Amino acid sequence: MTTMEDLAEIKHLMMQASITKLTLTSPSLSLEIVTAAHEADPSLAASRGSNPGALSDAPSDSGPARADKQAQVRTVRSRHIGRFQHRYLTRKLPAIIPGMRIVRGEILGFIRDGMAMHPVHAESDGTITEILQSPDSVVGYGTALIAYRPCLP
Amino acid sequence: MIEVLTVGAQTTIQDQGRLGFLRYGVGCAGAMDAVALRCANIWLGNDENAAAIEIPSFPFKVRALADTHLAVSGADSDIRVDDIPFSPWGRLALKTGQTLHIGAPRRYSRCYLAVAGGWDVPLVLGSRSTQNRGSFGGLEGRGLSMGDRLRPISRPERSVPLPPDETWLGFVPPYLALPDAAVSQDGECTLRVLRAGEYGHFTEAAIAAFWQTPWKVTMQSNRAGYRLAGETLTFQKTVEMRSHGIVPGVVQVPPSGAPIIQLSDAHTAGGYPKIGTVIQADLWRIGQAPLGSVIRFVEVDYEQALQALEKIEHYLNALRLAVNDTWDAVSPKEQT
């Protein structure tokens, strides 16, 4: 039985090792633990110099040269009218959290319109910086839903 | 067209079944979860009886050999297109060369993979369902194998087009939309049952046990029937019957006292006494009950059984309306 204390310990160990995502799967259980990149040890994050996604979310003291390379934050907007869902109906965890890496085409959330669940897709690879709408909030066409920082080429 | 890359045992083509031939000893076959099958076909604008792939073992993986519109329904599985995660219970577009991966279910047990137009396998006695007992129907009367290629039935004048830029569209599954279909927090599934012909032949203790105790789906369960473990059901006196016609849903009790729920691949006749019949509206829920899961029975009458069926039809009607809305939003030029 995994307790909240266990989870806190796992999170601490993941941060120490600069691991942002841990997935455990069995036929009857799936557990995914995701830590926000900005919570990770800055020195460890900076040491992963070959990873542009991690660099783009590094703290502001990471130097002007690095800041020049940071992409502008963009927003994903709703293309439907409905209720914004952070997670799929049968899932306990949200599809995304701030700091999470995303890939183009990935489903970041849903707009529920009656029986239909319209996907909110990632428009490019990047890192989530903020979720702009609360769960189950009513959104319209063009409502900004999610802010993300695209990966630099 | 798709090519099967990874497949487990008992993965077969099924539609709603081969009805009308029980008198000749030909079983129904058909999808174990007919609601999921119908949903997938509704999303794609197919005839609701179009054939889909029934997937009871995982992982299952296919590659698109042409641009294809597919739908995945049934169990709550993790879906991936190439390496990108998608959600279950929706229709999706697969481009040539892309792969679709369906992982082990988090809940329930069978997925259905439908294609726009339905999978093109021969009609045998009015159905495309694989008849495992007779080894006919479906794809050469057998389960799918790695390397098999399946193509959809071409629809030159597709009545309902699909939006060309849509990559995925999800729908609310019945186990969330139908409150009385929900599985309890501890994973138990309650099935509604009508009394059957030999109900009065069982002892009072057996009848009480049937309604009041949990039943475990044993490993000796398959598409033909689910053999249950629990209390031993005893008869007031020895019951000897001639074989007679039976249908999916019938709960037989052999001399061992362990009940068997007859399912899609059931024999057409049997001589064991019948204590009850799972109502048609709940057959899909048995089909999704995993091996090892626990079920309970609750008694209903004929009117309640019909009302339960109506609720499913209302749910499917709501889905049809939602699907029509998605197509109405597509301008004629965009329709493919």
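In this predicted model, the side chains of A:Asp136 and A:Arg83 form a salt bridge, with an N to O distance of 4.0 Å. A:Asp136 is located in the loop between E8 and strand E9 (138-139) of chain A, whereas A:Arg83 belongs to strand E4 (residues 82-85) of chain A, so the pair ties together parts that are 53 residues apart in sequence. A:Asp136 is partly exposed, its relative accessible area being 40%, and A:Arg83 is also partly exposed, at 41% relative accessibility. Over all chains, the structure holds 19 salt bridges. Side chains of opposite charge can pair when their charged atoms come close.

Within chain B, a salt bridge links the side chains of B:Glu188 and B:Arg296, at 2.8 Å from N to O. B:Glu188 lies in the loop between H2 and strand E13 (189-195) of chain B, and B:Arg296 in strand E21 (residues 294-299) of chain B; the pair therefore ties together parts that are 108 residues apart in sequence. B:Glu188 has a relative accessible area of 18% and is buried, because the limit for a buried residue is under 20%. B:Arg296, with a relative accessible area of 26%, is partly exposed.

A further salt bridge in chain B joins the side chains of B:Asp78 and B:Arg106, at 3.0 Å from N to O. B:Asp78 is found in the loop between strand E5 (68-76) and strand E6 (79-81) of chain B, and B:Arg106 in the loop between strand E9 (99-102) and strand E10 (107-115) of chain B, so this pair ties together parts that are 28 residues apart in sequence. Both residues are partly exposed: the relative accessible area is 26% for B:Asp78 and 32% for B:Arg106. Through salt bridges that share partners, A:Arg91, B:Asp76, B:Asp78 and B:Arg106 are joined into one network.

B:Asp76 forms a salt bridge with A:Arg91, in which the closest N and O atoms are 2.6 Å apart. Between chain B and chain A, the count of salt bridges is two, and eight residue pairs are in polar contact, both residues being at pLDDT 80 or more. On the side of chain B that touches chain A, at least two residues are supplied by each of strand E7 (84-86), strand E12 (168-171), helix H2 (174-177) and helix H5 (302-328) of chain B. H5(B) gives the largest share, five residues. The residues on this side of chain B comprise 18 nonpolar, five polar and five charged.

In total, 28 residues of chain B are in contact with 22 residues of chain A. The size of an interface is often given as the accessible area lost when the parts come together. Here the area buried between chain B and chain A is about 1,800 Å², and carbon and sulfur atoms give 63% of that area. B:Arg106, B:Trp168 and B:Val172 supply 28% of the area that chain B buries against chain A, more than any other three residues. B:Phe171 in E12(B) is the bridge partner of A:Ala116.

Each chain also contains an open sheet. In chain A, four strands pair in the antiparallel sense in the order E3-E10-E8-E5. Strand E3 (74-77) and E5 of chain A are at the edges, each with a single partner strand, so one side of each is left without a neighbour in the sheet. Five bridges connect E8(A) to strand E10 (residues 144-150) of chain A in antiparallel pairing, with A:Pro150 in E10(A) as the bridge partner of A:Gly126. Strand E5 (residues 101-102) of chain A pairs with strand E8 (residues 126-131) of chain A over two bridges. In chain B, the antiparallel open sheet has six strands in the order E7-E6-E9-E4-E1-E11. Its edge strands are E7 and strand E11 (149-150) of chain B, each pairing on one side only.

Helix H1 (residues 34-44) of chain B is largely enclosed by the rest of the structure, because 10 of its 11 residues are buried. Among them are B:Arg38, B:Asn41 and B:Trp43. At the start of H1(B), a side-chain oxygen of B:Asp33 reaches to within 3.2 Å of the backbone nitrogen of B:Val35. Just after H1(B), B:Gly45 adopts a positive phi of about 75 degrees.

Note on methods. Residues are numbered from 1 along each chain as its sequence is written. Chains are lettered from A and ligands numbered from 1 in the order in which they are written. This is a predicted model: local features need pLDDT of at least 70, side-chain atom pairs count only at pLDDT 80 or more; totals for chains, interfaces and linings use all residues. Side-chain values use heavy atoms; hydrogens and water are left out. Contact means heavy atoms within 4.5 Å. Buried area is the accessible area (1.4 Å probe) that two parts lose on being put together, summed over both. A polar contact is a pair of N or O atoms within 3.5 Å; within protein, one must be able to donate a hydrogen and the other to accept it, and residues adjacent in sequence count only if both atoms are side-chain atoms. Ala, Val, Leu, Ile, Met, Phe, Trp, Tyr, Cys and Pro count as nonpolar, Asp, Glu, Lys and Arg as charged, and the others, Gly among them, as polar. Two strands pair if DSSP finds at least two bridges between them. Buried means under 20% relative accessible area, exposed over 50%, partly exposed in between (1.4 Å probe, protein chains only).
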